[in-house]
Amino acid sequence: MDDHPGQLSEYGSILLMGIVGVILVCATIGLAKFISPKHPNPIKQSTYECGEETVGTSWVQFNPRFYVIALIFLLFDVELIFVFPWATVFGNRDLIAADSRWGWFTLIEMAIFLGILIIGLVYVWRRGDLNWIKPIHQKPTTDVKIPFSVYDTLNNREYQIKDYRATVATTESESEQKSADTPKTSVGFKPRFKKT
């Protein structure tokens, strides 16, 4: 029963620190809002990007390799989250003095944890996922039996291009001559298909 007031006072101090932190942040932002000079001009209201003038649109292509690097960084960042408490708890002299095997146990435990992460890093490294190289663009090839001479013949032949504007003009003039009663319809071209 005596432990409860001690625990409540510890939680109370954490709550007090949180309240003081929120008050300090709000007071700093409010003070800056009231004290800071307000002289807006086009230069101050322009977009600031690392001291460089912004050029172009914000819709740019994002290299997906950044995503892989971010995941690996996140992995080792989470690893450090586990290493710091381990070092503070298991590095306690009282625990090591109580049993000498305790220090060796915790050291082996952390070596296994780090070893698994290092094996994962070596795997990703050997696979080449960390290599920042541009892909080699290869022209796709197909296994068809059409000889290249057929393609050369088609590409070297000169094709007659029909002026469809003249066709529309003649179609309109012919339709005007035929009858004034029928509505005007202009067709750009008439498709012709050969039956096989």
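A residue counts as buried under 20% relative accessible area, exposed over 50%, and partly exposed in between, with a 1.4 Å probe and protein chains only as cover. What we have here is a predicted model, where local features need pLDDT of at least 70 and side-chain atom pairs pLDDT 80 or more, while totals for chains, interfaces and linings use all residues. Numbering starts from 1 along each chain as its sequence is written, and side-chain values use heavy atoms, leaving out hydrogens and water.

**View 1**
The protein has six helices and zero strands, running α-α-α-α-α-α from the N terminus on. Helices here are DSSP runs of H or I with at least four residues, strands are E runs of at least two, and both are numbered from the N terminus. The accessible surface comes to about 19400 Å², and carbon and sulfur atoms own 65% of that; the areas come from the Shrake-Rupley method with a 1.4 Å probe, and for residues only the protein chains shown count as cover. Contact means heavy atoms within 4.5 Å. Among contacts with a separation of 6 or more, 53% are between residues 24 or more positions apart.

An unreviewed UniProt entry puts "transmembrane region" at residues 12–35, 66–90 and 102–125. Those positions follow the numbering used here, feature names are shortened, and annotations may be inferred rather than shown by experiment. In the model, residues 12–35 are 100% helix and 0% strand, with end C-alpha atoms 34 Å apart. Residues 102–125 are also 100% helix and 0% strand, and the end C-alpha atoms of that span lie 34 Å apart.

Rings of Phe, Tyr and Trp (its six-membered ring) pair if their centres lie within 6.5 Å; planes under 30 degrees apart are stacked, over 60 edge-to-face, and the rest tilted. That rule gives one aromatic pair. Phe82 and Phe113 make it, edge-to-face, at 6.0 Å centre to centre with 85° between the planes. The pair ties together distant parts of the chain, with Phe82 in helix α2 (residues 65–90) and Phe113 in helix α4, 31 residues apart. Phe113 is still partly exposed, at 27% relative accessible area.

**View 1. Thr106 is tucked away in helix α4.**
Thr106 sits in helix α4 and is buried, because its relative accessible area is 3%. Setting aside neighbours within four places in sequence, Thr106 is in contact with Trp86 and Phe90.

**View 2. Two salt bridges, Asp99 to Arg101 and Lys145 to Asp143.**
A salt bridge needs a side-chain nitrogen of Lys or Arg within 4 Å of a carboxyl oxygen of Asp or Glu, and the count comes to two. In one, the closest N and O atoms of Asp99 and Arg101 are 3.3 Å apart. Asp99 is partly exposed at 30%, whereas Arg101 is exposed at 62%. In the other, Lys145 and Asp143 meet at 3.8 Å, N to O. Lys145 is exposed at 73%, and Asp143 is exposed at 70%.

**View 3. A nonpolar patch that includes Ile146.**
Patches take residues with over 30% relative accessible area and no salt bridge, joining like charges within 9 Å and nonpolar side chains (Val, Leu, Ile, Met, Phe, Trp, Tyr) within 5 Å. Val144, Ile146, Phe148, Val150, Tyr151, Leu154 and Tyr159 make up this one, with about 710 Å² of accessible area together. Ile146 itself lies in the loop between α4 (101–127) and α5 (148–156). Its relative accessibility is 44%, so Ile146 counts as partly exposed.
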